[in-house]
Structure formats: C-alpha cells, structure tokens
Amino acid sequence: MSTTADQLSKVVEKTERLIVLCSALQEENDLLKLENQSLAVAVDAGKEKTKELEERVRVLKMAKSFSETNEKTLDIKQKINEFVQEIDKCIVLLKR
C-alpha cells in the first residue's frame, strides 16, 4: 500500500506535469493567435486588392463600351455621309 506521502508525491508530480503542459499549450495558443491576426490582415489586404481590381475591371468595361459606341457612331456617320453624297450626285444628274 502507498503511504500518504507517496500519494501526495504523485499528486505533486502530476500537478507539475500539468503546469508544464498548460504553459506549453498557452505558448502555442499565443503563437496561434499571432498567426491568426497576421492571416486576418492578409485576408483584409486581399479583399481590398480584390475591390480595387473589380473597380478597374468595371472602369475598363465602361471605357471599352464607350470606344465601341464611338466606333459604331463614326461608322454610321460615314455611311450617312456616303449616302448624302450619292443622293447629291443623283440630284445633279436629275437636273441635267
């Protein structure tokens, strides 16, 4: 049978091991918290970059649509001018 002193010694040993284990877990927890904070900052930076890129894409799409519209408008104006010239030629021929 174990004496009370032996039992108390075992309890003290286990308590010391638990304190060491608790300290190691606390250090690991602190490191994980730091890592979590740095990852959160990286995620926020990524979200901000995504917003910037989405805005650039929106602006580029808008600019492209304007340039396409301008090209189409110029083509239409050129066709109208060609038709007007043809009509003028026909009027001149009719007057002869």
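1. Glu 86 is partly exposed, with a relative accessible area of 44%. Here buried means under 20% relative accessible area, exposed means over 50%, and partly exposed covers the range in between, with a 1.4 Å probe and protein chains only. The model is predicted, so local features need pLDDT of at least 70 and side-chain atom pairs count only at pLDDT 80 or more, whereas totals for chains, interfaces and linings use all residues. Residues are numbered from 1 along each chain as its sequence is written, and side-chain values use heavy atoms, leaving out hydrogens and water.

2. Glu 86 also takes part in a salt bridge: its partner is Lys 89, and the closest N and O atoms are 4.0 Å apart. A salt bridge is defined as a side-chain nitrogen of Lys or Arg within 4 Å of a carboxyl oxygen of Asp or Glu. Because Glu 86 and Lys 89 are three residues apart in helix H1, about one helical turn separates them. Lys 89 is exposed, at a relative accessible area of 52%.

3. How many salt bridges does a search of the whole structure find? The search finds two. Besides the pair already described, the side chains of Glu 55 and Arg 58 meet in a salt bridge, at 2.6 Å from N to O. Glu 55 and Arg 58 are likewise three residues apart in helix H1, and therefore about one helical turn apart. Glu 55 is partly exposed at 38% relative accessible area, and Arg 58 is partly exposed at 44%.

4. The secondary structure of the protein consists of one helix and zero strands. With a radius of gyration of 41 Å, well over the 12 Å that the globule rule gives for 96 residues, the protein is more spread out than a compact globule. The radius of gyration is taken over C-alpha atoms, and the globule rule is 2.2 Å times the number of residues to the power 0.38. Helices (H or I, at least four residues) and strands (E, at least two) are DSSP runs, numbered from the N terminus.

5. The dimensions of the trace may be read beside these values. Along its principal axes, the C-alpha trace spans about 135 × 20 × 10 Å. For Arg 58 and Asp 44, 14 residues apart along the chain, the C-alpha separation is 21 Å. Gln 7, also placed in helix H1, is 18 residues from Leu 25 in sequence and 27 Å from it in space, C-alpha to C-alpha.

6. What share of the 96 residues is buried? Buried residues make up 0% of them. Gln 7 counts as partly exposed because its relative accessibility is 47%, and Cys 90 counts as partly exposed at 42%. The accessible surface of the protein comes to about 9,300 Å², with 62% of it belonging to carbon and sulfur atoms. Accessible areas come from the Shrake-Rupley method with a 1.4 Å probe; for residues, only the protein chains shown count as cover.

7. Leu 8, Val 11 and Val 12 make a nonpolar surface patch of about 260 Å². Leu 8 lies in helix H1, which runs over residues 4–95, and is exposed at a relative accessible area of 54%. Patches are made of residues with over 30% relative accessible area and no salt bridge, joining like charges within 9 Å and nonpolar side chains (Val, Leu, Ile, Met, Phe, Trp, Tyr) within 5 Å.

8. The protein has 17 positive and 18 negative charges, and their mean positions are 12 Å apart. Lys and Arg count as positive and Asp and Glu as negative, while His and the chain ends are not counted. The place of a charge is taken as NZ of Lys, CZ of Arg, CG of Asp or CD of Glu.
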